[in-house]
Amino acid sequence: NAGVTQTPKFQVLKTGQSMTLQCAQDMNHEYMSWYRQDPGMGLRLIHYSVGAGITDQGEVPNGYNVSRSTTEDFPLRLLSAAPSQTSVYFCASSYQKPPSTSPLHFGNGTRLTVT
Amino acid sequence: GNSVTQMEGPVTLSEEAFLTINCTYTATGYPSLFWYVQYPGEGLQLLLKATKADDKGSNKGFEATYRKETTSFHLEKGSVQVSDSAVYFCALSDLGAGSYQLTFGKGTKLSVIP
């Protein structure tokens with residue numbers, strides 16, 4: 001069982017560069033989401049999707065884009081990286097969309113540094 | 001809106017000590033409550049959950065009881081081990097709000113020393 005797979009594990013970008021963080025799940029989960037984790041801030045939701053072709057904004061969406069063309073994949077795009085986007089990014093999925101009793105399954109994270 | 005408040009960390013305990021991590025919540029509906037654990041260098045994983053008032057979730061020696069009257073879901077373990085060192089997150093999923101997201105607390109870092 002692969003679960004939720006995130007790539008890359010580490011990335012260093014220069015200000016203004018763009019990149020895509022990949023997320024894939026093999027559990028046929030309906031719901032997928034992206035969080036960022038910063039010291040003292042806990043987890044903050046960036047974007048989420050309740051199914052293929054459907055995405056919506058979370059708490060901190062600015063500077064990020066997402067798409068959900070398949071059930072399995074939910075990439076996160078940084079269009080023009082800024083130092084404020086230095087963080088650890090987590091992808092998470094669940095069988096049912098919240099609110100529900102289905103728990104979230106998390107990937108192991110991508111540590112991004114923007115210089 | 002929904003919110004989750006956890007006790008500030010870090011918490012440092014000796015092996016075999018009793019652990020309590022406090023969690024209180026505010027929700028507009030009838031939430032399900034979760035505790036997640038994050039080990040160093042890993043993503044979060046579900047530790048336990050409770051879906052209605054007075055339910056007790058338990059796993060790996062950890063327990064938490066859903067107390068609606070005090071809007072609390074405190075995490076407890078009778079005897080911690082070094083391997084329990086991690087960050088613990090309380091979270092809720094509000095069945096009444098119709099919001100497609102979980103609400104997380106800020107996390108409590110636990111260090112257990114031999």
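What is the volume of the largest pocket? In this predicted model, the largest pocket comes out at about 820 Å³, and 38 residues line it, with Q37(A), P39(A), Q38(B), V87(B) and F89(B) lying nearest its centre. Strand 12 of chain B has the largest share, with 4 residues, and by class the lining holds 14 nonpolar, 17 polar and 7 charged residues.

The second largest pocket holds about 240 Å³ of space, and among its 14 lining residues the closest to the centre are L43(A), R44(A), E59(A), T103(B) and F104(B). Strand 5 (42–51) of chain A gives the most to this lining, with 3 residues, and the classes there are 7 nonpolar, 4 polar and 3 charged.

F104(B) also leads me to the aromatic residues, as one aromatic cluster is formed by F104(B) with Y35(A), F90(A), F106(A), F34(B) and Y36(B).

Over all chains, a search of the whole structure finds 11 aromatic pairs. In one of them, the ring centres of Y25(B) and Y66(B) are 6.1 Å apart and the planes stand at 80 degrees, so this pair is edge-to-face. Y25(B) sits in strand 4 (residues 23–26) of chain B and Y66(B) in the loop between strand 8 (62–65) and strand 9 (75–77), 41 residues apart. Y25(B) is buried, with a relative accessible area of 7%, and Y66(B) is buried as well, at 4%.

Methods:
Residues numbered from 1 in each chain as written. Chains lettered and ligands numbered in written order. Predicted model: local features only at pLDDT ≥ 70, side-chain atom pairs only at ≥ 80, totals over all residues. Heavy atoms only, no water. Phe/Tyr/Trp six-rings, centres within 6.5 Å; stacked < 30°, edge-to-face > 60°. Helix = DSSP H or I, 4+ residues; strand = E, 2+ residues; numbered from the N terminus. Buried < 20%, exposed > 50% of the residue type's maximum accessible area, 1.4 Å probe, protein only. 1 Å grid on protein atoms, 1.4 Å probe; cavity = no way out; pocket = protein on both sides within 12 Å on 5 of 7 lines; lining within 4 Å. Points joined across faces, edges and corners; volume = space filled by probe spheres on them. Nonpolar A, V, L, I, M, F, W, Y, C, P; charged D, E, K, R; others polar.
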